[in-house]
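Good morning, and thank you for joining.

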Amino acid sequence: MSFKKFFNEPSEHEVTDQKLYQQRRSFIKQSANMMGALSLSSIAASSLILPSAVRASQSCDADSSGKFRNITGDKPNSWSQITRYNNYYEFSTSKEAIVHLAQELTIKPWTITIDGEVERTLTLGIEDILSLIPQEERIYRLRCVEGWSMVIPWNGFSLCHLLKRVQPTSRAKYVEFISLLRPEEMIGQRIKSLDWPFRESLRMDEAMHPLTMIATGLYGKELPKQNGAPLRLVVPWKYAFKSIKAITHIRLSEHRPVSSWQKAVPSEYGFYANVNPEVRHPRWTQRRETRIGELSKRRTQMYNGYAEQVAHLYQGMDLEKNF
Ligand SMILES: Nc1nc2c(c(=O)[nH]1)N[C@H]1C(S)=C(S)[C@@H](COP(=O)(O)O)O[C@H]1N2
Ligand SMILES: [Mo]
């Protein structure tokens with residue numbers, strides 16, 4: 001099956017916004033040319049056969065073009081604030097050291113495999129992903145569990161645009177993300193600060209929510225290595241440790257996976273990790289936060305300011321228990 005057929009088939013009836021559709025057409029034209037030169041050998045031939053329709057519950061129909069550009073109206077932090085103060089235990093536990101140590105990482109070539117409870121296992125190169133899914137800018141809050149926050153202008157796309165392409169089975173209830181394991185380049189992996197590789201997971205409906213994003217860029221430039229290049233997850237209503245960097249593997253499963261921080265300290269890090277000023281971390285309150293670059297503290301908002309978009313996902317749940 002041709003590359004063109006592969007990417008056109010599902011988009012034609014799923015994309016409702018005419019402009020985005022046109023944009024995508026020209027994207028596909030461009031990338032089809034480009035792909036002629038590029039090798040598709042990394043993609044298993046069987047994975048190229050896509051179903052003509054995707055079940056409604058799993059489709060990415062909430063077309064998000066422009067809708068989530070900056071729903072909180074925040075002013076972004078500077079490039080230097082965002083790229084010089086990072087958490088990335090694969091390199092170091094020191095936030096200021098990451099910018100230097102992460103430059104050792106080789107990010108080309110890079111492939112990502114999506115498997116588990118799917119009809120079609122898919123292995124894609126980062127170039128394939130960039131050319132098949134239109135990228136948009138979204139300014140999102142990032143709230144670390146330690147009490148600091150930033151506002152970050154990401155470039156990327158809703159994760160659901162990628163997930164719908166593997167056609168999740170009816171047993172797919174969770175989505176697990178696994179980071180790169182490469183201790184030769186990731187010197188923090190030579191010590192057991194965590195059980196490597198780093199893992200995170202979401203419930204299926206959280207993963208399919210259009211706010212949930214795969215970031216591939218920052219401020220319109222390539223994503224810096226310290227921020228998770230070439231691709232990382234961004235879930236703006238959850239504490240930032242859920243936003244896993246340097247993803248190489250996505251696995252859909254029936255049973256709830258255990259994520260790295262949950263495994264390391266289950267009493268402090270729950271599966272949900274939704275930003276919630278009412279539920280304290282065992283060692284500190286979550287009521288306030290320090291926006292990097294500001295002197296006085298801000299009040300932390302429920303779901304990090306995204307309650308209108310995501311509160312319905314947790315209706316009826318005891319948030320003290322499901323922290
Ligand atoms: N693979 C991986 N992803 C990770 C982490 C990590 O240690 N390893 N740290 C998390 C934490 S605790 C935070 S606060 C954010 C920081 O993202 P930033 O450096 O882009 O601001 O990345 C998250 N993603
Ligand atoms: Mo964090």
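Of the 323 residues in this chain, 56% are buried. Please keep in mind that the model is predicted. As for secondary structure, the chain contains nine helices and twelve strands.

Let me turn to contacts within the chain. If we take those between residues at least 6 apart in sequence, 73% of them join residues at least 24 apart.

Now to the ligand. Where does ligand 1 sit? Ligand 1 is found in the largest pocket. There, 17 residues surround ligand 1, and the closest of them are Tyr89, Glu90, Arg232, Ser243 and Lys245.

At tyrosine 89, a backbone N or O atom lies 2.8 Å from an oxygen atom of ligand 1. At serine 243, a polar backbone atom is 2.8 Å from a nitrogen atom of ligand 1. Serine 179, by contrast, uses its side chain: an N or O atom there is 3.1 Å from a nitrogen atom of the ligand.

How much of the accessible area of ligand 1 does the protein cover? On its own, ligand 1 has 530 Å² of accessible area, and the protein covers 98% of it.

Thank you for your attention.

Notes: Residues numbered from 1 in each chain as written. Chains lettered and ligands numbered in written order. Predicted model: local features only at pLDDT ≥ 70, side-chain atom pairs only at ≥ 80, totals over all residues. Heavy atoms only, no water. Helix = DSSP H or I, 4+ residues; strand = E, 2+ residues; numbered from the N terminus. Buried < 20%, exposed > 50% of the residue type's maximum accessible area, 1.4 Å probe, protein only. Contact = heavy atoms within 4.5 Å. Near = heavy atom within 4 Å. Polar contact = N/O pair within 3.5 Å; in protein donor to acceptor, adjacent residues only side chain to side chain. Areas by Shrake-Rupley, 256 points an atom, 1.4 Å probe, with all protein chains shown as cover. 1 Å grid on protein atoms, 1.4 Å probe; cavity = no way out; pocket = protein on both sides within 12 Å on 5 of 7 lines; lining within 4 Å. Sits in = over half its atoms within 2 Å of the grid points.
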